[in-house]
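Visitor: I would like a close look at a single part of this protein. Please show me the model, and then I will ask about one spot.

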Amino acid sequence: MTAPTYAPAFLAAHGWADAQILPLAGDASFRRYFRVVDGVRRAVLMDAPPPHEDPRPFIAMAEYLRAQGLCAPAILARDLDQGLLLIEDFGDDRLREALDAAPQTEADHYGALTDLLAHLHQRPAMADLPVHRLEQWLDEVMLLTDWYCPALDLTVDRDAFRAAWQQVLTPVAEDGLPRVTVLRDFHAENIMLIDGQSGLHHYGLLDFQDALLGHPAYDLASVLEDARRDVTPAIERQMIDRYIAASGVDARSFEASYWALAAQRNTRILGVFVRLWKRDGKQGYRRFQPRMWGLVERDLAHPALAPVRAWFDDNIPPEKRAAAWQDAI
């Protein structure tokens, strides 16, 4: 992976003329990341090429999060026309690997992240955020019927699928809980551990450019039902209770909405990962599907999900669920 040809001139214009540009990472979008090294100085170059990407939402949300007392990267330089940002480097200590190395710390880390969400949700949301509402939730789950099912040669009742989800998600849309800033991709691979910092500032936030105004249960479900690592049901239960206690939301409404939105998110991801494979050639996402099915099955066990569970039972047989992806692990 090489940096765009215009990156050296951008760096030189902002005081990094002699810096090395080293590959760092890509993600599920067109964005790419590079580490910029100049002696002891470190920064991260984000390449968000227009027209595919627009770095302005990232900038706005980073500045908002920092204003709320959370740890998001400082913006060091920008060229919006070319889609380049130079941002603060949070280092290499990612929460995912820290948890894998020391699983006994799981309760402490997830407790802190639950408190972080409660802190964020008690602050006024950034003005003019798009709203994550019922119609978008319904459109997102249709990725299962539009991408997953064709890939596995499944002929399914698409209209009944949407109707079942509408029955499940309408009470969530009407549950009366406050709408808050939703980061959307809040999980262990998007959280860095910041050396020398404690409390909320120990957790460096990344990949929040798609933030919306949405339901307070969404990001909690995102981090506790992680597509990329297993979180024990016991930890999930503890953190749901912890969030309810910290935020003061109505427990019954929050929990019912939590399981519905967890199921919605995980169903969407089943479709997204097939789309990344089929459309974008990113076969590596196939290996996450058995875990995703485990999460969906966990969510569907809750009584409020009965209409959706019945649709799955009628339309997607067991051999087309987790078992269909075992060779990808």
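Visitor: Which ring does Arg286 lie over, and at what distance from the ring centre?

Guide: Keep in mind that this model is predicted. Arg286 lies over the face of Trp277, at 4.8 Å from the ring centre. Now follow that ring. Trp277 belongs to one aromatic cluster, together with Tyr148, Phe161, Trp165, Trp293, Trp311, Phe312 and Trp325.

Look at two members, Trp311 and Phe312. Their ring centres are 5.4 Å apart, and their planes stand at 90 degrees. An angle over 60 degrees counts as edge-to-face, so this pair is edge-to-face. Both residues are buried: Trp311 has a relative accessible area of 4%, and Phe312 has 0%.

Helix α6 covers residues 158–173, and helix α9 covers residues 251–278. Their axes come within 9 Å and cross at roughly 145 degrees. The crossing is left-handed.

Back to rings. The count comes to 15 aromatic pairs. Tyr285 and Phe288 form an edge-to-face pair, 6.1 Å centre to centre, with 65 degrees between the planes. Both are buried. Phe288 also has an arginine over its face: Arg228 lies there, at 5.5 Å from the ring centre.

Definitions and conventions
Residues numbered from 1 in each chain as written. Predicted model: local features only at pLDDT ≥ 70, side-chain atom pairs only at ≥ 80, totals over all residues. Heavy atoms only, no water. Axes fitted to C-alpha atoms, helices over the stretch in contact; angles between N-to-C directions. Helix = DSSP H or I, 4+ residues; strand = E, 2+ residues; numbered from the N terminus. Left-handed = near helix turned anticlockwise from the far one by under 90°. Phe/Tyr/Trp six-rings, centres within 6.5 Å; stacked < 30°, edge-to-face > 60°. Buried < 20%, exposed > 50% of the residue type's maximum accessible area, 1.4 Å probe, protein only. Lys NZ or Arg CZ within 6 Å of the ring centre and 35° of its normal.
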